[in-house]
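Please consult the sequence and the model alongside the points below.

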Amino acid sequence: KLDPQVALRNFVALLLNKSEHFKEMAAEANQRVEGFVKAKPSADQVIGFVKSFIDQSSYSARVFEIALHCVFQVLEDHDALQGSIKPLCQMRSANKKHGNIGDVEVTEGPETLEILEAWDAKYGKSYLRDELDELSEKLAGHPETKTAGFVVDTEPNLKKEILDRIVELEQLHSVKLKIESFDKWVRSQLERSGVARDIAAREWLLAFAKALCQMSRDRAPIDEPADTWVHELRDLAETATTKFRR
């Protein structure tokens, strides 16, 4: 019985209010992260901040992917990659159907499909025997790939059968394969930037904040609702800054 035009006008108004509210929250969250960065945290402190955010956040697996992708955004900014980083894929698209190898991919150029380097994020899982077999199937379609692997949020389970399988696949596909913990992977990748690790880490945190706040959609087109993430980021940045200055 509600007048459809009145309903539509009210609905549009609610969407606009929500959008403006999100922009205000995002600007505030980004500002607080910038405040934390201005305090010049070390690389270890930045890694700890991001790790804490991932573990405490809603939908941790997706945030984990975003964090990894943002590391490579920093590398691209410093011309430290042989190719171009692909924009962040949507969740669950890293499979053979979509032609992906991992969540973070470097191609020969912006318009090419040749994947030179690929990393797949695995949150909450350290034993990756089945994932190695799936990776082998993906690499069969991408013989140009030089480096591929997995990043896990804890220490990876590298029992003998896993290490043996890695060697087999490296020989089969002429590729370098790795399974690394988040901490080790981030540190080793930041070294590639060519700038001091602390500086690269701060740049990473800024890129991470902009991605979550929908401020870098050309690189990180996140389609999931980001309201909760922005709230969580704002609060954690405020807490971290307060502790850091004490």
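F11 lies in helix α1, which spans residues 4-38; helices are DSSP runs of H or I with at least four residues, numbered from the N terminus. The model is predicted, so that local features need pLDDT of at least 70 and side-chain atom pairs pLDDT 80 or more, while totals for chains, interfaces and linings use all residues. Residues are numbered from 1 along each chain, and side-chain values use heavy atoms, without hydrogens and water.

**Surface patch**
- Together with L8, V12, L15 and L16, F11 forms a nonpolar surface patch with about 490 Å² of accessible area (Shrake-Rupley method, 1.4 Å probe; residues with over 30% relative accessible area and no salt bridge, nonpolar side chains joined within 5 Å).

**Helices α4 and α5**
- The axes of α4 (residues 129-140) and α5 (residues 160-173) come within 10 Å and cross at roughly 5° (lines fitted to C-alpha atoms over the stretch in contact, with angles from 0 to 180 degrees between N-to-C directions).
- Helix α4 is therefore roughly parallel to α5 (angles under 35 degrees).
- Residues making this contact include L132 and L139 of α4 and I162 and L169 of α5 (heavy atoms within 4.5 Å).

**Salt bridges**
- The structure holds 25 salt bridges (a side-chain nitrogen of Lys or Arg within 4 Å of a carboxyl oxygen of Asp or Glu).
- In one of them, R62 pairs with E224, the closest N and O atoms being 2.9 Å apart.
- R62 belongs to helix α3 and E224 to the loop between α7 and α8, 162 residues apart.

**Surroundings of E232**
- E232, in helix α8, touches F53, Q56, S57 and S58, not counting residues up to four places away in sequence.
- The C-alpha atoms of E232 and S57 are separated by 6.8 Å, although the two residues are 175 apart along the chain.

Conventions
Patches are made of residues with over 30% relative accessible area and no salt bridge: like charges are joined within 9 Å, nonpolar side chains (Val, Leu, Ile, Met, Phe, Trp, Tyr) within 5 Å. Helices (H or I, at least four residues) and strands (E, at least two) are DSSP runs, numbered from the N terminus. Angles under 35 degrees count as roughly parallel, over 145 as roughly antiparallel, 65 to 115 as roughly perpendicular and the rest as oblique.
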